[in-house]
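Please look over the model shown below.

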Amino acid sequence: MTHIQTTRRAFMGHLGLGIGMGALVASRLPGLWSLDAAEATAVPPRPVVSIFMDLPWVDMTGRAEPYVPPRRAVGEDFSNYPYYMV
Amino acid sequence: MAVNFQGAPGGFYAPTRFEAYIHDCEVTGEIPRDLKGTFYRTGMDRRYPPRFPDDAPFNDDGFVDMFRIQGGHVDYRSRHVRTERFLAERQARRALYGYYRNQYTSEPSVQGKSMNVANTNIVFVNGKLLVLKESDPAIVLDPTSLKTEGNYTWNGQIYDGPFTAHPKVDPVTGEMITFGYEAKGDGTPDVVFYWINRRGRKTKTVWIKAPLVSMMHDIAISREHIIIPTTGYTTSPERLKAGKIHWGFVPGQPTYIGIMRRDGDGRDLRWFKGPGDQMIHTVNAVTDGNKVILDAPVSPSSPFPFFPNVDGSPFDPAGGSCTIRRWTFDLSSKSDTWEETILFPDHKGGGLARMDDRYISRPYRYSFMGIVDPSLPFDAEKAGNLKGRVTNAYAIFDHQAGTVRTMFPGPTHSLSEGVFAPRRADSPEMDGYLIGVANDLAQMRSELIIADARKPEEGPIARVLLPFRLHAQVHGNWVPDSVLPVG
């Protein structure tokens, strides 16, 4: 039986290097790493103001088509105007 | 904290928050000399940012305005309705009330108090100008100053509960048939109907139970019957206690149509059941022998994106568009459903269909509705990315000939619900004027347009130009000088 001598610090360093290389490889494989990364960095959907049949409404899922007023209708200090900040 | 609407609906849809009076408005074109009366409108305009950003616009403060027309001149006035809620929030300088018709989401100090925002319809009946919200009693306004005078219960003849935004007045007898749903409290299936004669005297009360608790926004009357639609919007005490907005939409939920005789006591009420298409408004109904024929704008699915689907599915804009359909009920049949004909399948809109009101409950030929016509030009660069999402024409439907004629206000305009004003009291059906507010999305202002209903293709014959934009309208009505003198 062969024993490999190592320190706790060296073991953690090798472990970190292995995880990093694994992540690097995985990130090059579509649909593998990217899915986990998206979940890890998921942010709540950004609500949008939308218009349907002349009425404004706020879609909390952010999936509706936002209302973008004509540029001249929007003040310069309201660059986020079409979006509801919650 | 000061008022801050940043992030709320902006552009043309930002709250206006002011009241106005204009003596002798600017006009282009020529206002017909035989057009004399008042066009009243009501809609929504928020005084304070909502407590919940995804609240329904139907929960915004009631706002009324009027265009008084005579001698080719127009005077304009607007006011917020001074509801109990409006006054409380003005005193507090912030929103106190919660989600649309859910008292549990209001601040404790106002829970249990009236949530009435009085923003849905404005009618002149029994000598009173009434602003209506279906969840609350009618409110009477001064017809000249628009000053709020208080709740109206026909001198205590009817209860002080929910009163529909669409009472029906028989144009021949003057009898009004009105109703209230969730009449015994939020989440109850009880519906009350009142008959009120032309002198303002209540002649009958009938209580019924609906097969489910749902939005019951409108009814129709024929000379013999009352037609009562349910919708896919439901609620319950549990839903409200869970802190949700009043309505949740149930995709596929069957629609029920109740039919009962006008001269009965409600015991003949019969419920028909059909697919889950949505009939929020009606146009008209006629009884022909054993058949009741109902015309209405109908959408395949929910037309209100701010009332979420209970199954979590997303709003479907295509499913929310309406076409004018005819539902025929055979009272002699044992079948519990109806036959449907889509009358004008190529013309879709938001479901605010109207008619020449002199023919309510009677055989008629014409209806009209704001439509979204993608074939008409729309200048998105000047008006914003609203092509296909705003009403850009009035369509006049000829139910007899099966033809459609349209009135187009311009490539940067959207249209609110229009009304019809007869040329004279005895003019033939649809001989008169189409009147409605058009919003110029490029110029950021609104205008009242007047078109000859017999020549809609020629466009507006007059435009009353306002130097500001108007709030979102729900409904409006024309009151001729013969009924209410303009002074």
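The model is predicted. For the 487 residues of chain B, that rule puts a compact globule near 23 Å; chain B has a radius of gyration of 21 Å, which agrees with a compact globule. The C-alpha trace of chain B spans about 60 × 60 × 45 Å along its principal axes.

Two further values describe the packing of chain B. Of its 487 residues, 51% count as buried. Among the contacts in chain B with a separation of 6 or more, 58% are between residues 24 or more positions apart.

How confident is the predictor? The average pLDDT of chain B is 97, and 100% of the residues score at least 70. For the complex, the predictor gives an ipTM of 0.91 and a pTM of 0.90.

The interface comes next. On the side of chain B, 30 residues are in contact with 27 residues of chain A. Those residues of chain B comprise 17 nonpolar, 10 polar and 3 charged ones.

The secondary structure of chain B consists of 3 helices and 33 strands. Strands of a sheet pair through backbone hydrogen bonds, in either a parallel or an antiparallel sense. Two sheets of chain B can be followed strand by strand.

One of them is an open sheet of 4 strands in chain B, in the order E14-E15-E18-E19, with antiparallel pairing. Its edges are strand E14 (220-221) and strand E19 (270-274) of chain B, each of which pairs on one side only. Within this sheet, strand E18 of chain B, residues 255-261, runs antiparallel to E19(B) and is joined to it by 5 bridges. To locate this pairing in the model, find Tyr256(B), which stands opposite Lys273(B) in E19(B).

Another open sheet of chain B has 4 strands in the order E20-E21-E22-E23, and its pairing is antiparallel. Here the edge strands are E20 (284-288) and E23 (339-342) of chain B, since each pairs on one side only. From one strand to the next, the twist averages 20°. Which residue of E21(B) stands opposite Ala285(B)? The residue is Leu294(B).

Terms used. Residues numbered from 1 in each chain as written. Chains lettered and ligands numbered in written order. Predicted model: local features only at pLDDT ≥ 70, side-chain atom pairs only at ≥ 80, totals over all residues. Contact = placed C-beta atoms within 7 Å. Nonpolar A, V, L, I, M, F, W, Y, C, P; charged D, E, K, R; others polar. Rg over C-alpha atoms; globule rule 2.2 N^0.38 Å. Buried ≥ 20, exposed ≤ 12 C-beta atoms within 10 Å, placed from the backbone. pLDDT = per-residue confidence, 0-100. Pairing = 2+ DSSP bridges. Axes fitted to C-alpha atoms, helices over the stretch in contact; angles between N-to-C directions.
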